[in-house]
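Here are my notes on the model you sent over. Have it open while you go through the points.

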Amino acid sequence: MDVSQGWKITVIFMAAAGVLSTPLIWLLDNPDAGQLAGATVQAATGIAALVWALLQTPPAAGPTDLASDTGDADGTGGGTAHTGVRRAAGAGTGAARAERTGKAVARGSGSRAGTGIDYS
């Protein structure tokens, strides 16, 4: 399971607070057996969460899609012409770049043309 940096920092902070809060107060006030057991369990849980957060790796970035020095494209009769990068909306996590794309021409009803990056 990959965890974002923000969640990792939150878990580390909460784990440290759990390790230090109640057990510290209990232990400074002559704890009885129940408080000592509770402090031990709470500290162990906080330490486990801290170790878990530290061992998580950030999600890997996706690939970079690049369209460069493309030729021209012609869409006719309801066709689509595109000279750059086409990626469905929400698909992929990497970057997309389009450089020096050729011209795209749409001719006729329902035809579409685009140069660059299309997320539709």
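1. Let's begin with Arg 87, which sits in the loop that links strand 4 to strand 5 (96–99). Strands here are DSSP runs of E with at least two residues, helices are runs of H or I with at least four residues, and both are numbered from the N terminus. At 10% relative accessibility, Arg 87 counts as buried; the cut-offs are under 20% relative accessible area for buried, over 50% for exposed, and partly exposed in between, with a 1.4 Å probe and protein chains only. Its side chain reaches the backbone oxygen of Ala 95 at 3.2 Å. That is a polar contact, meaning a pair of N or O atoms within 3.5 Å; within protein, one must be able to donate a hydrogen and the other to accept it, and residues adjacent in sequence count only if both atoms are side-chain atoms.

2. A caution on what you are looking at: this is a predicted model, where local features need pLDDT of at least 70, side-chain atom pairs count only at pLDDT 80 or more, and totals for chains, interfaces and linings use all residues. Residues are numbered from 1 along each chain as its sequence is written, and side-chain values use heavy atoms, with hydrogens and water left out.

3. Next, Thr 83, in the loop between strand 3 (80–82) and strand 4 (85–86). Thr 83 is buried, at 5% relative accessibility. A polar atom of its side chain lies 2.9 Å from the backbone oxygen of Gly 102. Leaving aside residues up to four places away in sequence, Thr 83 touches several others, including Ala 67, Asp 72, Lys 103 and Thr 115; contact means heavy atoms within 4.5 Å.

4. Is Gly 78 buried or partly exposed? At 39% relative accessibility, Gly 78 counts as partly exposed. You'll find Gly 78 in the loop between strand 2 (73–76) and strand 3. Not counting residues up to four places away in sequence, Gly 78 touches Ser 109, Gly 110 and Ser 111.

5. Now the whole chain: three helices and eight strands, in the order α-α-α-β-β-β-β-β-β-β-β. The radius of gyration is 28 Å, well over the 14 Å that the globule rule gives for 120 residues, so the chain is more spread out than a compact globule. That radius is taken over C-alpha atoms, and the rule is 2.2 Å times the number of residues to the power 0.38. Along the principal axes, the C-alpha atoms fill a box of roughly 85 × 25 × 15 Å.

6. Last, burial overall: buried residues make up 22% of the 120 in the chain.
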